[in-house]
Amino acid sequence: RSSDLWNGGAGNGLGTLYAFQKACAKAAESGHGDLLEKLKGGAAMAIYHTAGKGTRMAPLPGAENNNKPGVKLSALVKVGGEQRPLTILEAVVRQTSSYARVRKGRCSVFWGDQVFVPSCGVQQTDKAADILAALRPMPTKAEWEAEGLHQYGLIAVAEDGSAMQLEKVTYDVATRYLPKDVKQVGTSLGSFSLSAAFMAALLDEFAPELEAKTACLDSDPHFWMPVTLARQDYLDVMAKKDTTAEEAGAHFDRMASFRAKFAPGGEALLGCVDVGQTAYWWDYGRLELYMNNSLFVTAASASADALRRFLRLDAPGRQQLSEIAPGAEVDAGAVVLNSKVGGGRIGPSSVLVNVNAPSVDVEGCVLINVTSTRPIKGRGGLLYNVVDESAGEAPLTCDAVRADVFMPGGIKHEMHSSLATDGGKAWKLTLDGNPHSFEGIYKANQPLDVQECTAAADAAHKQAKAKLHGA
């Protein structure tokens, strides 16, 4: 609705508050009571951020009609009696639900494109806000430089459990910012949680921005840094973000006043919840990472085994609900789910989910929701939501990236790319073989109903399967 539009984007800070505010309004309208009061009464709630265009994942979000968290993974889930690939968002919800039992009276905020498994159990905090991080003892300068810690957003934790948010900084700058009693630092996962009282206070503080829907504030630079850094340090950090000293100073002073009002005793507002230095963390937020982590389910390692168990590929196994011709060669490590293949070779490091084809000859490939009336052949490629009924003897190649975009009215766009292409940098470019730029597809998808587009894709797959299998 036009009343929901936020001029220029809210940022994940104000976006969190706005999402909670909208959820409260919807709950009240539908007779489910006051969500904020339920939170104060001990309910555990979660918000999953799924906003963003998914530029770095292009062309996959376009194939989901701009439903970025709807991008599919190499696992199955039954929906309406039908086996469908698990979405990234479903995977994130499955994984993060373990925090509900230790976060009563808190609202958790998770990102919709990364899955992590703690190595130190599911921990909790008593601070007003907390942020997830993989903590480790404070490193030496040599360790800091050797491990390239200047490339990451970091969380530092002091003796009393209070946390401080750090930007990407060198060891020397970090030691200047950090208090002397810092015991641990860790790479930040960004996800955080808020107590009911802190959520209420933030809603009150930023009521003008929530009403106007024009400001853009992110959690790290606008919530956590101004309440954990010294004023001059904060101004120095924000200067690197091209924020003027006047603007940064005004915001710091505002948050200092907010902090004094919320915690007049000076107690720490921000804590850290450790996920463990050896936590597993799979990020699907870039096309290359999506490909690597999709193929990772075929690897032989403790981490890959953990990912398979999480995706439920350990039982009944890597080949599930599939019909593979007896003469076909299938590598023992390949993952083949809900697929029907008439012959050929499924080589090492290959993942096939909902694939229907007369034959395949693939290795190091990922095929998700692919129906082809001709053989598929390739090495190191990605086919996503592809329906191919092309005539001729030439095979459907899987050496690069192809994702089909279905729209109502029989419209289909074939979008091509490569794993080396940064969708963000190429967003406005029309790449070779494509009818539109990634941005053009995004804009064409915007007014469409995702469910109608999904129905159009399902119909196209069904038609091609009937032609292929004669049913």
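Visitor: Among contacts in the chain between residues at least 6 apart in sequence, what percentage join residues at least 24 apart?

Guide: This is a predicted model, in which local features need pLDDT of at least 70 and side-chain atom pairs count only at pLDDT 80 or more, while totals for chains, interfaces and linings use all residues. Residues are numbered from 1 along each chain as its sequence is written, and side-chain values use heavy atoms, with hydrogens and water left out. A contact means heavy atoms within 4.5 Å. Of the contacts between residues at least 6 apart in sequence, the share joining residues at least 24 apart is 53%.

Visitor: How many helices and strands does the chain have, and what is its radius of gyration?

Guide: Helices (H or I, at least four residues) and strands (E, at least two) are DSSP runs, numbered from the N terminus; the chain has 15 helices and 25 strands. The chain is as compact as a globular protein of 471 residues, because its radius of gyration is close to the 23 Å of the globule rule. That radius is taken over C-alpha atoms, and the rule is 2.2 Å times the number of residues to the power 0.38. For this chain the radius of gyration is 24 Å.

Visitor: What percentage of the residues in the chain are buried?

Guide: Buried means under 20% relative accessible area, exposed over 50%, and partly exposed in between (1.4 Å probe, protein chains only). Of the 471 residues in the chain, the buried share is 49%.

Visitor: How far apart do the centres of the positive and negative side chains lie?

Guide: Lys and Arg count as positive and Asp and Glu as negative, with His and the chain ends not counted. Each charge is placed at NZ of Lys, CZ of Arg, CG of Asp or CD of Glu. There are 48 positive and 53 negative side chains, and the distance between the two centres is 3 Å.

Visitor: How many of the 10 residues of helix H9 are buried?

Guide: Helix H9 covers residues 219-228 and is largely enclosed by the rest of the structure. Its buried residues include Phe223, Trp224 and Met225.

Visitor: Is Asn66 buried or partly exposed?

Guide: Asn66 is in the loop between H3 and S2. Its phi is near 75 degrees, a positive value in a residue other than glycine. At 21% relative accessibility, Asn66 counts as partly exposed.

Visitor: Which residue is joined to Pro59 by a cis peptide bond?

Guide: Pro59 is in the loop between strand S1 (45-49) and helix H3 (60-63). The cis bond has an omega of about 15 degrees, and the residue joined to Pro59 is Ala58.
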